[in-house]
Amino acid sequence: MQRTEEEKLAALSAAIDAVNRGDPPGGPDRETKELAGVALLLKQAGPPPAVVAGLVDTLGAELAAKKKKRRWLWLTSGAAGTAAAAMLVFALNAGPAAVPPPPLTPPPAGSVVIESVPIPPAASLAAPETAKADGQAPVAENKTPVVENKTPAARQRAEAAPGNGQAEQRTMLAKVPDKAAVDKTPPAFLAWPGREPDDVTVDKAAATVRQVYGSGGQMIVVTQQAAAKTAAAPGDAKAARAAEAAPPAASSKAQSPTNRVTLVVKGMLVTVEGSQPAEELEKIARSLE
Amino acid sequence: MVSDEQALIAKARDGDKAALEALITGYWQPVFRLACLKTGNSEDAQEIAQETFLKVFRALPGYRDTGAAFKTYLGRITLNLVTDYWRKKGRSPQVVALADFPEPLADPAPLPEDSALSRERRESIGRMVAMLPAEQRQTVELRIYAALSLQETARLMGKTEAAVKMLQQRALKNLRRLFQEHGIDR
């Protein structure tokens with residue numbers, strides 16, 4: 001009897017293992033089969049229904065909320081993108097009407113701005129390339145000035161010269177002034193009446209103006225500088241004559257003048273260089289206006 | 001089967017309760033079994049199983065089918081929670097490696113959703129199991145719900161195999177009587 005009970009226990013244990021393996025419930029006797037059937041029923045019932053129901057309710061609510069949130073984010077992001085695109089289109093098309101800029105006349109060669117400035121009779125102009133004697137055609141208007149520092153300021157009105165009292169209408173050519181040009185006033189200078197310079201160089205750093213008249217053996221180079229910047233004593237017609245044989249180092253032409261005369265004329269330290277005699281050069285210097 | 005599982009997962013991701021219930025019921029036993037094996041305590045194993053499902057399904061919107069079975073994913077989460085369980089207890093966790101469990105959630109038994117048991121019937125059965133004495137109930141949980149072997153159940157319960165055999169027989173006889181009283185049969 002004892003042995004039979006142990007065999008039943010062993011048979012039931014084997015039947016439970018079979019159920020766990022997925023085999024149909026069985027056993028050597030009827031009771032073992034019934035108990036194996038109960039085990040299968042428990043197996044099929046699965047986990048405690050209350051636990052599963054709690055999990056399902058909790059997770060179902062959370063996941064549904066997440067889905068709703070995902071959908072809402074998707075919709076809002078799409079709507080936001082559409083609205084942003086619409087606003088962009090509106091801003092581009094329906095914004096304040098752009099006022100067309102005033103038509104600009106294309107600047108002439110050399111980007112120069114031409115303006116006519118009536119000059120009082122007592123004043124003289126400084127721009128030598130545009131300074132013209134009375135009755136002369138404005139030849140230099142189309143000439144591009146050679147400027148060493150490449151920041152030519154406007155050719156501006158020169159210091160008043162006590163000249164001959166004639167009222168002159170001079171045309172001033174000026175580059176469009178840049179900031180540096182505005183900050184630093186270009187030097188005023190004198191011109192040789194009746195002659196047009198072939199080359200004018202303005203050195204703003206040294207406040208000097210160098211004019212070249214003619215070429216070859218007849219070339220005259222007039223260099224002027226404000227007298228205050230030099231050591232020369234102020235005073236009209238005070239001669240500081242110096243006839244030098246050595247040519248100036250800054251000559252831009254192939255042929256260099258051989259003589260040089262330096263005078264203070266109308267407050268300007270004027271140096272005239274050329275192959276002519278010193279007396280002729282001095283005469284030229286004194287004739288500058 | 002895999003396509004059905006993927007369909008269920010897709011539905012569960014959107015909060016479909018039927019799909020959630022099918023997946024939880026289908027995978028409860030292997031998860032619970034693994035947790036029982038690693039904790040040695042059916043009550044703690046049940047909590048770990050619940051936490052496993054909560055964690056897995058909360059992360060379901062970001063779940064990507066990488067070819068690994070959903071069952072393997074569940075097994076990894078279960079083992080992570082078992083490690084946390086031992087860490088909280090201030091004890092060194094048992095060496096847990098998936099390599100030791102190539103199929104940690106293997107359970108060849110038919111899935112509950114395949115059975116014809118209604119939810120009410122399953123609830124009745126659950127209530128009857130809860131009416132069993134504690135040791136008998138634990139034996140049922142470990143031997144049948146968790147599908148542990150006789151040796152594993154004896155080790156976890158700290159009893160001899162003969163004692164477990166006796167407990168499982170008494171438990172099943174009591175349940176058979178309760179089923180008959182409530183009109184539950186196969």
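Reader: At roughly what angle do the axes of helix H3 and helix H6 of chain B cross?

Author: The model is a predicted one. In chain B, helix H3 covers residues 42-58 and helix H6 covers residues 134-145. Their axes come within 10 Å of each other, and the crossing angle is roughly 50°.

Reader: Are H3(B) and H6(B) roughly parallel, roughly perpendicular or oblique to each other?

Author: Angles under 35 degrees count as roughly parallel, and those from 65 to 115 as roughly perpendicular. The axes of H3(B) and H6(B) cross at roughly 50°. The two helices, H3(B) and H6(B), are therefore oblique.

Reader: Where in chain B is B:Ala147 found, and is B:Ala147 buried or exposed?

Author: B:Ala147 belongs to the loop between H6 and helix H7 (150-157) of chain B. Its phi is positive, about 60°, although B:Ala147 is not a glycine. Buried means under 20% relative accessible area. B:Ala147 has a relative accessible area of 13%, so this residue is buried.

Reader: How many residues does helix H4 of chain B have, and what distance does H4 reach from its first C-alpha to its last?

Author: Helix H4 of chain B runs over residues 70-88, which gives 19 residues. At 1.5 Å a residue, a span of 27 Å is expected, and the helix comes close to this. Its reach from first C-alpha to last is 27 Å.

Reader: Which residue with a positive phi follows H4(B)?

Author: Within H4(B), the buried residues include B:Phe70, B:Leu74 and B:Trp86. After H4(B) comes a residue whose phi is near 75°. That residue is B:Gly90.

Reader: In chain A, is A:Gln224 buried or exposed?

Author: A:Gln224 lies in strand S6, residues 220-226 of chain A. Beyond its neighbours within four places in sequence, A:Gln224 is in contact with residues including A:Phe189, A:Thr208 and A:Met268. Its relative accessible area is 1%, so A:Gln224 is buried.

Reader: Which residue has its backbone nitrogen 2.4 Å from a polar atom of the side chain of A:Gln224?

Author: The contacts of A:Gln224 also include A:Leu190 and A:Leu269. The backbone nitrogen lying 2.4 Å from a polar atom of the A:Gln224 side chain belongs to A:Leu190.

Definitions and conventions
Residues numbered from 1 in each chain as written. Chains lettered and ligands numbered in written order. Predicted model: local features only at pLDDT ≥ 70, side-chain atom pairs only at ≥ 80, totals over all residues. Heavy atoms only, no water. Helix = DSSP H or I, 4+ residues; strand = E, 2+ residues; numbered from the N terminus. Buried < 20%, exposed > 50% of the residue type's maximum accessible area, 1.4 Å probe, protein only. Polar contact = N/O pair within 3.5 Å; in protein donor to acceptor, adjacent residues only side chain to side chain. Contact = heavy atoms within 4.5 Å. Expected span 1.5 Å × (residues − 1). Axes fitted to C-alpha atoms, helices over the stretch in contact; angles between N-to-C directions. Parallel < 35°, antiparallel > 145°, perpendicular 65-115°, else oblique.
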